[in-house]
Amino acid sequence: MNEWIDDDDDESKVDLRLWRKLLRYTLHYRQTTITFCLVALGLAATDLCFPLITGQVVADIEEHGTSVNLAPYGWAFAGLSVAICSCIWGFISCAGKIRTHVSHDIRRDAFRQLQQLSFSFYDRRPVGWLMARLTSDCQRLANILAWGVMDLIWGVLLMTGITVVMLIYNWRLALAVLGIVPILFFVSVWFRKRILRASRLVRGANSRITAAYNESISGVRTAKVFVREQENLQDFDRLANEMERYSIRNAVLSAVYLPLVLTLSSVAIALSLAWGGYQVQLYGLAVGEVVMFMYFAQLFFQPVQDMSAWFAELQMAQASAERVLSLVEAVPDVRDTPQVARRIAETGSDGHPDRLERIEFRDVGFRYGTGPRILEDFNLSVAPGQTIALVGATGGGKSTLVNLLCRFYEPTEGRILIDGIDYRDRSLHWLQSSLGIVLQQPHLFSGTIGENIRYGKPDASQDEVEEAARLAGAHDFIADLDDAYDTEVGEDGNQLSLGQKQLVSFARAVLKRPRLLVMDEATSSIDTETERQIQQGLARVLSGRTSFVIAHRLSTIRAADLILVIDHGRIVEQGTHQQLLAQRGRYYDLYTEQSMRDIVRTDDLIGGNGESVA
Amino acid sequence: MNPTESSPTSESHRRTLWEITRGQRVRYVAAIVVMAVGTIFLLLVPYILKVTLDAIAEQRAGLRDVLIPAALAIVGCHALHGLFTYLRGRWSAQASEGIIRQLRHELFAHLERLPCSYHDTADTGDLVQRCSSDVETLRVFLSAQIVEIARVSLFLLVAIPIMLWQNLWMSALSLALFPLIITFALLFFRKVRSLFEKVDEAEARMTTTLQENLTGIRVVRAFAQQDHETRKFGGRNDEFRDLEYRLFISLANYWTFSDIIVFAQIGLVLIGGAYYVQQGAISLGTWMLFFWLLRTIIWPVRHFGRVLADAGKASVSIGRIREILAVPPESEEPRPEQPVAGDIEVRNLTFSYGRNQPALRDLSLTIREGETVALLGPPGAGKSTLVNLLVRLYDYGDDSTIRIGGRELKTINRSAVREAFGMVLQDPFLYSKTVRENVMLGHSSAADHEVEESARSADIHDNIVEFEHGYDTMVGERGVTLSGGQRQRLAIARALLKDPQFLVLDDSLSAVDTKTEARIFEALARRRGRHTTILIAHRLSSTRLADRIFVIDHGRLIQEGTHDDLIAADGPYARLWAIQGRLDEEIQHDVAQSSGSGSLS
């Protein structure tokens, strides 16, 4: 976890609208909510009965001595105990139900939302940030909605009950005890806030320490060759000292707070005793009543503490609530238009023929948010089955072009037509399920190699999987693994090398038999030997299929039907390999400069068979 | 207690625990002493109540003279208890946090000194886990659990004598159910521990699924698998919810049953006490003393079993931390009097990582001072291994020899050797610090113009000044993300800034384009003779700079000589050169053809 995850947690005014929206998640469980309120009422009532029965038995013994029959008291106490314990069971299980189910539901909604939100949303939010929303923020909100709300209801009921009962019994004594409560509440809130803030500092320091360990372990070679051990240790000691300071401050705050609250509430107890005792003498008050008042004074203590803690937490959690709701309520930039959605709802399709052949970019322009224009007046017409290669410097707009084509983003100006129809008038799902895409950073899901290749076509047979792997040049290395296609790839595919991951992700795209294939530097980390092997497969995959290839491998580029040299969001040159070389322009420079360094790598040449020793 | 806890390892864990408290024991003892005093003050309150209530019940004359001091005494006792609790909290926090700071320091220092051979096989995630979660478990043990155990023990130690002093039978009645409460909690949390673990695992699975989905969101969209992903995450989400709910029900059962026992205990004292009052065995005040005393100590006692059960985890954590600290660090030889310099002589060097096949086999070569050499060969040939051995990242066997300036490498202090080298590793590691700090890694007193000069030599200066904060831009997640080529050039800059005796570039330009590479080579050529330079390369272009070339394959030296020598000889280098030539021809051909067709069009 990184520190920025909760860096904007400062308390702000409690915005009740947000909480009302969140409360709907609780109210969804109507039966539990009702039970919950009843249980809270029952709990407050039984809590209230204990001082009463205690006071009664003391008063009775005091007055009647040996003639008192203790059996009814015994039964009453036993009955109350059973009642309060049942209420406690109900209280915890109801709160547990709401806590687990509400956080589950918020997470579910947020996840669904994340599957629809466009990449422009993802661009502004790192994965860690999103993770924190769905994990710690959800837990935190659900905690408030379950325990917080519960403690609030119970606390209010109990405190009201105590106040009423005390006032009925003895209003003078009651007022004396109640006088302490506001002070107690104020002190509690003051401390709770500081404790929460201090513990946030501790969490931040803790994540910095974890990051430092991580860095020191991953960078151990660098530290050694630069003889940085001492300096690193000094840097780390600063963090460790900071952590120590924050932790102690946190502990000391608690060490002041609890005794202080205890002492304050002892004032109420002492008052009950002294003034109550005085009244015994003056007005013949029962000693039992004095005991009862002391008991009540003590009973006040817990709900005040709990409620002030939740009150502070509510203020701190305001930011969490805003962030989670902003996620759940966000509207995706790229989605089916209302018309398309209606057509799908009515007829089950977007109303256009299921054909993807001719692609046309017409005056397309694009910028990310309010950033500079990445693409300008881009025009391109692709005939069915053509392979288009995009070359040019990084940041020139190649990947943007591909993102627009896949409708991960939509053009800010101009239109993209598929067989003459603006693709915004088609269903997003239709387009994206017709795509096969292989990215430079291949992402694999944990599971077996076979499962990963099947990702786009879960019902594919083993034969189909192997055929796709062969075409992608992945079969040989897979067959060499102990468990072949059943080999676990590990988290993020870490058990495989980058080149192997690229091959698997290539096979994944091939298996899907997409109508439009997009490859974004998809073979950059594959050694020349393997690349040579997949050339043939690649040719078969590309033939007769419209494809866009971003590549720096000349062998791939050379075979393309149309090569676009893109720079600063414009096509600066276009044509076939031969045509472009003849122009003696940008492509010619790139080609002559690149060829030498790219083709001649010693790995293929010395030893010849590419055998390597790990 | 399960059998493993009394085994010798448990004994040594206790010893480790004892050792790490060194330096803080006085604080701990002081914390316990003030805690004891505080406890006495708190438990005096029921006695004050007793005396006062008795006085009230007897309707003594001059009651006022009793009531006001009693009220003040109650507040005073609480205040003093509060003061001592505060001191206890402060000292125990200082002690435990101090111990943990020291432990963190030792772990960090030790990890830095562990040999590469250890780090190669260790799992980073697991190590970090031990340094964070296990240390945290220990911290909770030292700062909360030990304190809580001491607190409850002191409660009992003080309360029981007070009770016995008051009345034997009432004492027996008051403590009757205590063993049951503690045992029940202990057994319950032992049993429920596996459920806690299951919940943690389910949460981890859910988080992993979420993370995979978010990092792979492009793939999900490209394959239109949103529904599949939603179902998958939904399954994990459901599983976590259900398990956690089960845990809550379990906890509800626990609290309910333990509360039943607690209330039964309170009921016993209330009703039993009433009976004793009726019998005239105790006064009303004594009855209330027992009642109040019990209600003060019973809640912490109820929690005691859980604390004991949780404290068991600390033992596991100590074991896991000890495992790291027990690994022997790199040996430390005395620092030499003269700086490390001179010719490098490698003789009969054989080396293998762990039990794998040898990475180097009987390799012998000499690199003269000031010379620039290139090591050429396919990946896995042993080139990186050789330079790793030169800076003593690994130790070679006794049959092999490496000498620098005539001195056996093994006898020279590692840091002294490494200080003489400027290494650019294959996959350079940058710290999440500023660009400047990263460049100054090996020369922390360098002036700004020196930093810039070396950045210019590495052809990275122009990139750096374009960053938002120039040299003060943060590298990594919170700042700029550098491309592979930029990272490599930054790493070259920091090696050059060190102005080392030996400069090693381990395939350091693989992600750099040809023009930049040429510029860097020019800069290096200007420094020729200033360092002994070792270039590791896959590409022929890198060998342009070298005085001599060593061709290495399968851990063996197969060719050495100047470029001209090697071209003349019949060997891999000449073959490579020939293929290069053919490719050049092919390109020329392509170009020629195109110009032909171009002139036609």
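Figure 1. Two residues are in contact if their C-beta atoms, placed from the backbone, lie within 7 Å. Of the 614 residues of chain A, 45% count as buried. Buried means that 20 or more other C-beta atoms lie within 10 Å of the residue's own; exposed means 12 or fewer, and partly exposed falls in between, with C-beta atoms placed from the backbone. Chain A holds 23 helices and 10 strands. Helices (H or I, at least four residues) and strands (E, at least two) are DSSP runs, numbered from the N terminus.

Residues are numbered from 1 along each chain as its sequence is written, while chains are lettered from A and ligands numbered from 1 in the order in which they are written. As the model is predicted, local features need pLDDT of at least 70 and side-chain atom pairs count only at pLDDT 80 or more, whereas totals for chains, interfaces and linings use all residues.

**Figure 2. Surroundings of Met292(A).** Met292(A) sits in helix α10 (residues 287-316) of chain A. Met292(A) is buried because 27 other C-beta atoms lie within 10 Å. Leaving aside neighbours within four places in sequence, Met292(A) contacts Pro51(A), Leu52(A), Thr54(A) and Gly55(A). Val58(A) is 234 residues away from Met292(A) along the chain, yet their C-alpha atoms are separated by 8.9 Å.

**Figure 3. Packing of α5(A) on α6(A).** Helix α5 (residues 127-169) of chain A packs against helix α6 (residues 171-178) of chain A at about 145°, with axes 6 Å apart. Axes are lines fitted to C-alpha atoms, for helices over the stretch in contact; angles run from 0 to 180 degrees between N-to-C directions. From α5(A), the contact uses Thr163(A), Met166(A) and Leu167(A). From α6(A), Trp171(A), Leu173(A), Ala174(A), Val177(A) and Leu178(A) take part. By class, this contact has 7 nonpolar, 1 polar and no charged residues. Ala, Val, Leu, Ile, Met, Phe, Trp, Tyr, Cys and Pro count as nonpolar, Asp, Glu, Lys and Arg as charged, and the others, Gly among them, as polar.

**Figure 4. Nonpolar cores.** The largest nonpolar core has 318 residues. Such a core is a set of buried Ala, Val, Leu, Ile, Met, Phe, Trp, Tyr and Cys residues joined through C-beta atoms within 7 Å. Phe91(A), Leu141(A), Leu145(A), Val177(A), Leu273(A) and Ala507(A) touch the most other members. Beyond its neighbours within four places in sequence, Ala507(A) contacts Ile453(A), Ala468(A), Ala469(A), Ala472(A) and Ala474(A). A second, separate core of 5 residues includes Ile248(A), Ala255(A), Tyr86(B) and Ala93(B).

**Figure 5. The contact between chains A and B.** Here 129 residues of chain B are in contact with 120 residues of chain A. Helix α3 (residues 64-113) of chain B gives the most to chain B's side, with 27 residues. That side divides into 65 nonpolar, 44 polar and 20 charged residues.

**Figure 6. The six-stranded sheet of chain B.** In chain B, 6 strands form an open sheet of mixed pairing, in the order β6-β7-β8-β3-β9-β10. Two strands pair if DSSP finds at least two bridges between them. The edge strands, β6 (421-424) and β10 (556-561) of chain B, each pair on one side only. Neighbouring strands are turned by 15° against each other on average, direction ignored. Strands β7 (residues 502-506) and β8 (residues 532-537) of chain B run parallel over 5 bridges. One bridge partner in β8(B) is Ile536(B), which pairs with Asp506(B). Helix α11 (residues 383-390) of chain B packs on the sheet, touching β3 (372-376), β7, β8 and β9 (548-553) of chain B. The direction of α11(B) makes about 150° with that of β8(B). Helix α16 (residues 484-497) of chain B lies across β6 and β7 of chain B, at about 180° to β6(B).

**Figure 7. The four-stranded sheet of chain B.** This open sheet of 4 strands is antiparallel, with the order β2-β1-β4-β5 (chain B). Its edge strands are β2 (358-367) and β5 (407-408) of chain B. Strand β4 (residues 401-404) of chain B is joined to β5(B) by 2 bridges. Ile404(B) stands opposite Arg407(B) in β5(B). Helix α11(B) lies across β1 (344-352), β2 and β4 of chain B, running at about 65° to β2(B).
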